Amino acid sequence: KMMQNVHLAPEADEDDLYSGYNDYNPTFDTEDLENDVAFQQAVKTSHGRRPPITAKIPGTSASRPVATAFGSKAPLTSSMGRPVTGAVQDGVARPMTAVHAAGYTKASTRGSLFDPLGQAKGPAPPLEMKNQDSPEEKMRQLEKKVNELVEESCIANSCGDLKLALEKAKEAGRKERVLVRQREQIASAESINLDLTYTVLFNLASQYAANEMYAEALNTYQVIVKNKMFNNGGRLKVNMGNIYLKQRNYSKAIKFYRMALDQIPSVHKEMRIKIMQNIGVAFIKTGQYIDAISSFEHTMSMSPNLKAGFNLVLCCFAVGDSEQMKKAFQKLISVPLEVDYDDKYISPNDDPHTNLLIEAIKNDRLRQMERERKSMAEEYIMTAAKLIAPVIETSFAAGYDW
């Protein structure tokens, strides 16, 4: 009974474990497609160019055809409606980029010239002529005329014709005001050339001062200084201080010099030193020698020079302090003259080239300037020595020997 349900498989019908692996569907045999008559006929007819129907994308109303260029000569379309690169469209070979090649078409292979810049079309039309009657052109010409008048005024001043320089400056001022009114009528006030306005006013004030018309010069400078749109207008208070100094209004000169110091940044060292010297001179004119001494001592500590040193000696002499006189005189003689020694004007040998060079520079402009500076230094030092010699010691001889 135990064996009645057991059936032994016969040896003849035993299955092969590796059977069926060498069998394949002839549909997937791509190596023999060239000999497949039905496939080649489908490729050559319109049946082979019909794209397969695909399912619509959810949420859109257009289908996305799957297209390939295998065996196809029809223009193919991507999902965005753009032609596929490499496709042929309207008889023109589309380049293999997203942008059409510059100047390349299929017709270029048929004898037409390669002309990407369009030069074969002939010369460009002539440029349009400027409209001389337009408001902008008139204002441009007027601005040019104002600049020319300012330049002519400066040239006349440098040539010594102060009257002509003032006339040119006044005419430039009149034309500049006309220009400003025209710009205000046609355009906004922001289009006004502030640099030109500043130039015209500054030149006019300078010419007034050169012609000793100090009241007019001060009024013109006030127009610049009070206008907040001129960033560096405050520095012109130095010029106003110079005018007050010439008018012997020393208190106002000191006031404007000090206001100018507040306007000029510390980086402009030389300008600030010159203003301090002017303040010291104004103090001397008013008899305030103590204040003058402080101004000149500051100048000598920052930038020593002969004039400041000599004025310092004078102020100390006026005060009557012998010790300060000695210190001031020592500062005066220690001022560097920045003059080369005379050795360079002496030929060290008989070289003809060196001799010619020394002969050329022996009396040139630089040599003349050095002589003037040296003689000025000698004059300042000798005058200061003669001035303080009787008072720094018991006798003139003892003081002069010191």
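Predicted model: local features only at pLDDT ≥ 70, side-chain atom pairs only at ≥ 80, totals over all residues.

Residues are numbered from 1 along each chain as its sequence is written, and side-chain values use heavy atoms, with hydrogens and water left out.

**Exercise 1. Confidence**

Task: State the mean pLDDT of the protein, and identify which elements have the lowest and the highest mean pLDDT.

Solution. 
Step 1. pLDDT is the predictor's confidence in each residue, from 0 to 100. Its mean over the protein is 79, and 72% of the residues reach 70 or more.
Step 2. Elements are DSSP runs numbered from the N terminus: helices (H or I) have at least four residues and strands (E) at least two. Strand 1 (residues 88–89) has the lowest mean pLDDT, 55, while helix 6 has the highest, 94.
Step 3. Contact means heavy atoms within 4.5 Å. Over residues 59–63 pLDDT stays under 50, and the model has three contacts for them beyond four places in sequence. Residues 65–75 likewise stay under 50, with seven such contacts.

**Exercise 2. Salt bridges**

Task: Determine how many salt bridges a search of the whole structure finds, and describe the one between Arg140 and Glu137 and the one between Arg183 and Glu143.

Solution. 
Step 1. The criterion is a side-chain nitrogen of Lys or Arg within 4 Å of a carboxyl oxygen of Asp or Glu. The search finds four salt bridges.
Step 2. Between the side chains of Arg140 and Glu137, the N to O distance is 2.5 Å. These two residues are three apart in helix 2 (residues 135–158), and therefore about one helical turn separates them.
Step 3. Accessibility is classed by relative accessible area: buried is under 20%, exposed over 50%, and partly exposed in between (1.4 Å probe, protein chains only). Arg140, at 44%, is partly exposed, whereas Glu137, at 6%, is buried.
Step 4. Arg183 and Glu143 meet at 3.1 Å, N to O. Because Arg183 belongs to helix 3 (residues 162–186) and Glu143 to helix 2, this pair ties together parts 40 residues apart in sequence. Arg183 is buried at 13%, and Glu143 is buried at 19%.

**Exercise 3. A further bridge between helices**

Task: Characterise the salt bridge that Glu152 forms with Lys168.

Solution. 
Step 1. The closest N and O atoms of Glu152 and Lys168 are 3.0 Å apart.
Step 2. Glu152 is in helix 2 and Lys168 in helix 3, so the bridge ties together parts that are 16 residues apart in sequence.
Step 3. Glu152 is partly exposed at 34%, and Lys168 is partly exposed at 22%.

**Exercise 4. Aromatic pairs**

Task: State how many aromatic pairs the structure holds, and classify the pair of Phe310 and Tyr380 by its ring geometry.

Solution. 
Step 1. Rings of Phe, Tyr and Trp (its six-membered ring) pair if their centres lie within 6.5 Å; planes under 30 degrees apart count as stacked, over 60 as edge-to-face and the rest as tilted. The structure holds six such pairs.
Step 2. For Tyr244 and Phe256, the centres are 5.2 Å apart and the planes are at 35°, so this pair is tilted. The pair links distant parts of the chain, with Tyr244 in helix 6 (residues 237–246) and Phe256 in helix 7 (residues 250–263), twelve residues apart. Both Tyr244 and Phe256 are buried.
Step 3. Phe310 and Tyr380 are stacked, at 5.0 Å centre to centre and 25° between the planes. Phe310 lies in helix 10 (residues 306–319) and Tyr380 in helix 13 (residues 365–392), so this pair ties together parts that are 70 residues apart in sequence. Phe310 is buried at 13%, and Tyr380 is buried at 18%.
Step 4. Ring pairs also link Tyr198, Phe202 and Phe230 into a cluster.

**Exercise 5. The segment before helix 1**

Task: Locate Leu33 and list its contacts beyond four places in sequence.

Solution. 
Step 1. Leu33 is in the segment before helix 1 (37–44).
Step 2. Its relative accessible area is 25%, so Leu33 is partly exposed.
Step 3. With neighbours within four places in sequence left aside, Leu33 is in contact with Phe39 and Gln40.
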